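Q: I would like to go through a structure with you. Could we begin with how far the model may be trusted?

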Amino acid sequence: MSVRYLYRVLPASKRICSYWRCQTQILRNMSRTEDGRLWHYGCLQTAKDEYHRCQECGSTLDGTQVSLADYADGQPALSCGNCGGTLRMPSNFKTVMKIGNL
Ligand SMILES: [Zn+2]
Ligand SMILES: [Zn+2]
């Protein structure tokens, strides 16, 4: 289904990329997954290639199944889309978000 109409019905402030590394506004190349979340097309492809393993429920997840949790102890954390448990951050996570680098 085309997502083009979403540019009209959603203000830019509501078009936030769901990719946990990104979280910036989507101005172009928007995609939507079946659960209704919005993504930059490139972010969605990158997220699908990610691999996470939850220590708490043992499930394996890709980047579309995890979300950025509240920072605990000043450290960023990911939460498991299956059990809500905390995932270890990938070692290549950069704490500097690429704001404005769309
Ligand atoms: Zn994005
Ligand atoms: Zn889990």
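A: pLDDT is the predictor's confidence in each residue, from 0 to 100. The chain of this predicted model averages a pLDDT of 87, and 88% of the residues score at least 70.

Q: Where is the pLDDT below 50?
A: It is below 50 over residues 96–102. Where pLDDT is low, the predicted coordinates should not be read in detail.

Q: What conventions apply here?
A: Residues are numbered from 1 along each chain as its sequence is written, while chains are lettered from A and ligands numbered from 1 in the order in which they are written. As the model is predicted, local features need pLDDT of at least 70 and side-chain atom pairs count only at pLDDT 80 or more, whereas totals for chains, interfaces and linings use all residues.

Q: How many helices and strands are there?
A: There are two helices and seven strands, in the order α-β-β-α-β-β-β-β-β. These are DSSP runs, numbered from the N terminus: helices are H or I, at least four residues, and strands are E, at least two.

Q: Which residues of α2 are buried?
A: In α2 (residues 41–48), C43, L44 and A47 are buried, meaning that 20 or more other C-beta atoms, placed from the backbone, lie within 10 Å of their own. They lie on the same side of α2, because they cover an arc of only 100 degrees around the axis, taken from the directions from the helix axis to the C-beta atoms.

Q: What do they pack against?
A: The buried residues of α2 pack against β1 (30–32) and β2 (38–40).

Definitions and conventions: A residue is buried if 20 or more other C-beta atoms lie within 10 Å of its own, exposed if 12 or fewer, and partly exposed in between; C-beta atoms are placed from the backbone. Two residues are in contact if their C-beta atoms, placed from the backbone, lie within 7 Å.
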